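Trainee: I would like to learn how to read a model like this one. Where do we begin?

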Amino acid sequence: MSVDLSEILVVGVTARALFNLEAENDIFEKEGVRKYREYQDKNQDVPLEIGTAFYLVKSLLELNKQAHKPVVEVVVMSRNSPETGLRILKSIEKYELDITRLAFSGGEPIAPYIDAFGVDLFLSKDENSVQAVIDAHSNCAAAVIYEPPTEFNPATNVVRIAFDADAVLFNEDSELRYKKEGIDSFSKYEKENKDVPLQEGPFAKLLKKLSKIQECLPVTVELSPLRLAIVSSRSAPAHMRVINTLKKWGVYVNEVYFLGGMPKDKVLKAFGAHIFFDDQDIHLESSSKVVPSGKVPYSSNSPLKKLKVEN
């Protein structure tokens, strides 16, 4: 039986992003698969601690109850074997996560299975896995998950997702202009082109799908239990092009913050983001201390990636 996923957000999350498996991963890396298997077997009835993406996943799944129909599906994607993954399955059950689809690849790469499961957003702690997804699947947003914040108490009845603008929701052109030509050239160009929509970036399709899900929920978008925010380093007059682009896309974003280069962490903490996506470590290092955060790497053939290597 085929399933229509066109109006369902499919999140692919690795076990290490969903749960805290760092001690177990250290055993695997340092002592090999045999010791890892023995450890997991011995502790299969010990629930795993929650990981960075846990609250996002749990809150997204709650939307299905509010929408009275499936609008979100989560697929746990792991390089474990079914045998070593038994503890993961028991932890999913213990935390009452409504997850029915799983992929245990037994050590094989996950990226080839992204299209097979129709994944819209892939979250992992392994940078190589995320890079492989970005380079191979243009329709799937992907991010490397940072360590979880030490203190995070999210709202349980609302999902809050925050995005950086350039090189995340929008393509790299403006970011590249800023890095190559400086702030004055960037601001002048953005002001002159305020009515010219920005091109889609790696998370544009995800934003559009989230906006569609807002429409499926039984309240107006202003009161939606799925709240979307843009937290950008842009400032006036470069902000108008962002707003005009969202209008052109027909996307409703609940909150927008143009910080003009100010740190983002305090705004993100006030917003209470279940996840924040940015392309730059300088912002993520501070944001990840207060809210769950994910880095959006550049594709391997990106001019920004080349520029970063050169610098």
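Trainee: Is D45 buried or exposed?

Mentor: D45 has 60%, so D45 is exposed. Before we go on, note that this is a predicted model: local features need pLDDT of at least 70, side-chain atom pairs count only at pLDDT 80 or more, and totals for chains, interfaces and linings use all residues. Residues are numbered from 1 along each chain as its sequence is written, and side-chain values use heavy atoms, with hydrogens and water left out.

Trainee: Which residue does D45 meet in a salt bridge?

Mentor: Side chains of opposite charge can pair when their charged atoms come close. The cut-off is a Lys or Arg side-chain nitrogen within 4 Å of an Asp or Glu carboxyl oxygen. Here D45 pairs with K90, at 2.6 Å from N to O. The two sit 45 residues apart: D45 in the loop between α3 (33–42) and β3 (49–50), K90 in helix α5 (residues 86–94). Those elements are DSSP runs numbered from the N terminus: helices are H or I, at least four residues, and strands E, at least two. K90 is partly exposed, because its relative accessibility is 30%.

Trainee: How many salt bridges does the structure hold?

Mentor: It holds 23. Take E190 and R234, whose closest N and O atoms are 2.9 Å apart. E190 belongs to helix α8 (residues 183–192), and R234 to the loop between β9 (226–232) and α10 (239–249), so the pair ties together parts 44 residues apart in sequence. Both E190 and R234 are buried. K208 and E200 form another salt bridge, at 2.4 Å from N to O. K208 is partly exposed at 24%, and E200 is partly exposed at 34%.

Trainee: What is the count of disulfides?

Mentor: Look for two cysteine sulfur atoms within 2.5 Å. The count is zero. As for individual cysteines, C140 is buried at 6%, while C216 is partly exposed at 22%.

Trainee: Which residues line the largest cavity?

Mentor: Rolling a probe the size of a water molecule over the atoms shows where empty space is left. On a 1 Å grid over the protein atoms alone, a cavity is a set of points where a 1.4 Å probe fits but cannot get out; a pocket is an open set with protein on both sides within 12 Å along at least five of seven lines; lining residues have an atom within 4 Å of a point. Points join across faces, edges and corners, and volume is the space filled by probe spheres set on them. There is one cavity of 30 Å³ or more. The largest cavity holds about 40 Å³. Its lining is L9, L56, L60, L121, I161, L206, L210, I275 and F277. Two or more of these come from each of α4 (54–67), α9 (204–216) and β11 (275–278).

Trainee: Where is the centre of the largest pocket?

Mentor: The largest pocket has about 540 Å³. Of its 23 lining residues, R16, N25, F28, R79 and N80 are closest to the centre. α2 gives the largest share of that lining, four residues.

Trainee: What about the second largest pocket?

Mentor: Its volume is about 380 Å³. Its 21 lining residues include E175, Y178, S233, R234 and G261, the closest to its centre. α7 contributes the most, four residues.

Note on methods. Buried < 20%, exposed > 50% of the residue type's maximum accessible area, 1.4 Å probe, protein only.
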